[in-house]
Each structure stands twice: as structure tokens, then as C-alpha cells.
Amino acid sequence: MAMWDRLKDQARALQQSQGGRAGGAQGQAPFGQGHTGGQGHGGGPGHGARSSSSGSKAQLIGLLKSQLAAARTELKSGAFRDASMAVCALVAAADGHVDPAERQRVEELIVADEVLQNFPAEQLRKRFNEHVDRLVANFQAGKAKALEDIAKAAKKPVEARAVIQTGIVIAGADGHIEASEQHAIHEACAALGLSPAEFGI
């Protein structure tokens, strides 16, 4: 899948930019320390990357988690919390419906996420489920409200990028990203004034 190829290129660029630093973020610790701020821009379409390996996909998701973990101390605002829960709900409901098992799975991913542990679990659950309930009741109205909450994070570039990274991590937790989930992340990027290409999607 081209997306994973581009993410792999992004990961490679990230590792190269880390240069002489201790190799803490090399996949073995998904929330490893190591990396500071900057996004690797996946240079051009990936070629020759083996997208069939679920191990490499897990490693790439681990890299995004490392980027998020590096910015953790900057991700404590209510705007980031609300925008993250909105993007998670959009991803969960991307195909127009959410079954109870899917809702529970995403909720568990949210509560277990190291960066989102900056916030009380009940706050996260409440906001996530409110968004999902709106999306299930009326998808278009629910999506408009979710995008409104996502746009709240646009003022701070670190938060805005972290919202998209969170959406990708949640969407890719099962080893692949559906076209509908990718579309939801594109819409979130538009709400934040970011280019999806920056994230390889």
C-alpha cells in the first residue's frame, strides 16, 4: 500500500535526522524517548518498501507514537484533548456506522495511549462517546461538530500535528488503514490547515 511505503520513507528520514543520537526510538520501544519535534517529510513516493510486512507497519505506528511521546509535555490543553477525541470518533465512524465492539476497541486504545494519559480516562471516554453518538445519530451533523472540535487545535502547530498523528495511530492499530479512515484523516487535516502529504497519506 502506497501509504505505508511513504510512511516507511518518512520513518527512514526521521531515523537519519536523529543521526548520532542514542538509538532509543528504533521500534523496540513504541513510546521511546529519543526524538524531538520535527516531522520527517516522506520524500516522494515510496519505492521498494515491503508493505506486506505487518511487523514494519507496527514499527511505523510505533514511530508515530514516539513522535507523540516526544511532544507529550506540550499536549495538555483542552483543545488538544477535544480535537483528539473528535478525530478518534471520526476514524471509528468513518464508514458511517460503529458497532459496539469497534467502539470499545477504540475506547481501549484511547485510554491506553501514553500521551492521552495526560487527561483523566473518564474525560476522554465521555468526549469520544459523545462524538460517536452524534455521528451515529446523524453522520453529517456529527461530522461537522467533530471537525469544529478538531479545528480548535489549529492555533498550535505541535497540537495540530499531534491530533493527526493520533488519528493515524488509532486508524492503523489493526495493521491497515481503510480508505474511509484515510478520508476522515484528510478531512481532519483540512480542518487544521495541514497537508495530508506531510503525514504520508
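Q: What joins the side chains of K143 and E187?
A: A polar contact of 2.9 Å. Keep in mind that the model is predicted.

Q: Where is K143 found?
A: In helix α6, which covers residues 139-151.

Q: Is K143 buried or exposed?
A: K143 counts as buried, because its relative accessibility is 14% and the cut-off for buried is under 20%.

Q: Which residues does K143 touch, leaving out those up to four places away in sequence?
A: L90, L135 and E187.

Q: Switching to α4. What span should its 13 residues have?
A: At 1.5 Å a residue, α4 should span 18 Å. The C-alpha atoms at its ends are 18 Å apart, so the model agrees with that value.

Q: Which residues of α4 are buried?
A: E102, V106, E107 and I110.

Q: How are those buried residues placed around the axis of α4?
A: Looking down the axis, they fall within an arc of 130°, so they line one face of the helix. As background, an α-helix has 3.6 residues a turn, so residues three or four places apart point the same way.

Q: What does the side chain of D99 reach at the start of α4?
A: A side-chain oxygen of D99 comes to within 3.1 Å of the backbone nitrogen of A101.

Q: Next topic, aromatics. How many aromatic pairs does the structure hold?
A: One. F80 and F119 form a tilted pair, with 6.3 Å centre to centre and 35° between the planes.

Q: Where do F80 and F119 sit in the chain?
A: F80 is in helix α3, residues 78-92, and F119 is in the loop between α4 and α5. The two are 39 residues apart, and the pair links distant parts of the chain.

Q: Are those two buried or exposed?
A: Both F80 and F119 are buried.

Q: Overall picture, then. How many helices and strands?
A: Eight helices and zero strands.

Q: What share of the protein counts as buried?
A: 46% of the 201 residues.

Q: And what about the accessible surface?
A: About 9,100 Å², with 52% belonging to carbon and sulfur atoms.

Methods:
Residues numbered from 1 in each chain as written. Predicted model: local features only at pLDDT ≥ 70, side-chain atom pairs only at ≥ 80, totals over all residues. Heavy atoms only, no water. Phe/Tyr/Trp six-rings, centres within 6.5 Å; stacked < 30°, edge-to-face > 60°. Helix = DSSP H or I, 4+ residues; strand = E, 2+ residues; numbered from the N terminus. Buried < 20%, exposed > 50% of the residue type's maximum accessible area, 1.4 Å probe, protein only. Expected span 1.5 Å × (residues − 1). Arc of directions from axis to C-beta. Polar contact = N/O pair within 3.5 Å; in protein donor to acceptor, adjacent residues only side chain to side chain. Areas by Shrake-Rupley, 256 points an atom, 1.4 Å probe, with all protein chains shown as cover. Contact = heavy atoms within 4.5 Å.
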